[in-house]
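Please examine the structure shown below.

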Amino acid sequence: IARDAQNILLIGSDTRSGDNSKYGRDDGGSQRSDTTILLHLAADRDSATAVSIPRDLMAEIPSCHTPDGKTTKKQFAQFNWAFELGGTACTIRTVEEMTGIRVDHHMVIDFNGFKDMVDALGGVPVCLPEEVNDPIGKIYLPAGSYEVTGNQALNYVRVRYQISDNGDIGRMKRQQTFLAAMVNKAVSAGTLFNPPRLVKFLNAGTKSLTTDPGLAKLTGLFEPAQEVRDIGLGKVQFLTVPITAYEPDPNRLVWAPVAEQLWDRLRMDRPLGPNLDGKVITAADKPPSSPGPSDG
């Protein structure tokens, strides 16, 4: 196992409490992880790999402590239940036990934090082949290639069914493309090389970020951002853990056997290999069109 590699768990919270109430009903403060990404920074800081873990993945969730002091039982359940049952700590334990990878740091970001970081970059380019009219989610986006900021950016990564007909899987691929475009914009705009601009970008995130003590201050975020700024855009990779349908319930997922190869390579800090790197989106890629409903 590579000792100098860093693994950061990025958790998108779907909480509707407080300032996030405009995105849906607050059901008493409960929340589940809307998006979870394991970011692996290679020991030599020559590459970075971000792996999306589906919220609908069936997983062994260990016994966890709840915020009110109770203890949950170990159970086989939907992955994003871990965050609702035991918060960040339970999600980290679930990921570590599933993958065998130690999580060094974590970040939890809510809707407003995401918007602020996009706005600090001045927008992120997207490409939609057709307009989105989602009255349920109250999401409306015009067709075309353009840069999104604020609510438009958030709506683009949140919409589940209007752009592609494969629900969360299509949404994860869109989120990966969007994050790749964010990295590209940060590098091409010189944000990572300009300390004042980088501080502004990180400060936008820290307003709505919850992190571990090692990243709790702005300086804690500044150091890893400085470390990865020289990574080539082609070596900043985004992919989804290989998955297959869960036979008892076609609406749920389980890992495909090749997923073990992915986790093994990240544990050993090795390149992904031919079985995996064909499914990668890199930050060097231009934003492709989001698939239409007929594309699946």
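**Cavities and helices**

The lining of the largest cavity comprises 35 nonpolar, 4 polar and 4 charged residues; here Ala, Val, Leu, Ile, Met, Phe, Trp, Tyr, Cys and Pro count as nonpolar, Asp, Glu, Lys and Arg as charged, and the others, Gly among them, as polar. The model is predicted: local features need pLDDT of at least 70 and side-chain atom pairs count only at pLDDT 80 or more, whereas totals for chains, interfaces and linings use all residues. Residues are numbered from 1 along each chain as its sequence is written, and side-chain values use heavy atoms, with hydrogens and water left out.

A cavity is a set of points, on a 1 Å grid over the protein atoms alone, where a 1.4 Å probe fits but cannot get out, and its lining residues have an atom within 4 Å of a point. Grid points are joined across faces, edges and corners, and a volume is the space filled by probe spheres set on the points.

The largest cavity holds about 1,200 Å³ of space. Of the 43 residues that line this cavity, Leu10, Leu39, Met117, Leu179 and Met182 lie nearest its centre. Helix α4 (residues 167-188) gives the most to this lining, with 7 residues; helices (H or I, at least four residues) and strands (E, at least two) are DSSP runs, numbered from the N terminus. Met182 is found in helix α4 and is buried, with a relative accessible area of 10%; buried means under 20% relative accessible area (1.4 Å probe, protein chains only). The C-alpha atoms of Met182 and Met117 are separated by 9.3 Å, although these residues are 65 residues apart along the chain.

Helix α4 also contributes to the second largest cavity, where it supplies the largest share of the lining, 4 residues. This cavity holds about 60 Å³ of space, and its lining has 3 nonpolar, 3 polar and 4 charged residues. Among the lining residues are Asp34, Arg55, Asp168 and Arg171. Both β2 (33-41) and α4 supply at least two residues of this lining.

Elsewhere, helix α3 (residues 150-158) is mostly covered, with 7 of its 9 residues buried; among them are Leu154, Tyr156 and Val157. The axes of helix α2 (residues 111-120) and α3 come within 9 Å and cross at roughly 120°, where axes are lines fitted to C-alpha atoms, for helices over the stretch in contact, and angles run from 0 to 180 degrees between N-to-C directions. The two helices, α2 and α3, are therefore oblique to each other.

Technical notes: Buried < 20%, exposed > 50% of the residue type's maximum accessible area, 1.4 Å probe, protein only. 1 Å grid on protein atoms, 1.4 Å probe; cavity = no way out; pocket = protein on both sides within 12 Å on 5 of 7 lines; lining within 4 Å. Parallel < 35°, antiparallel > 145°, perpendicular 65-115°, else oblique.
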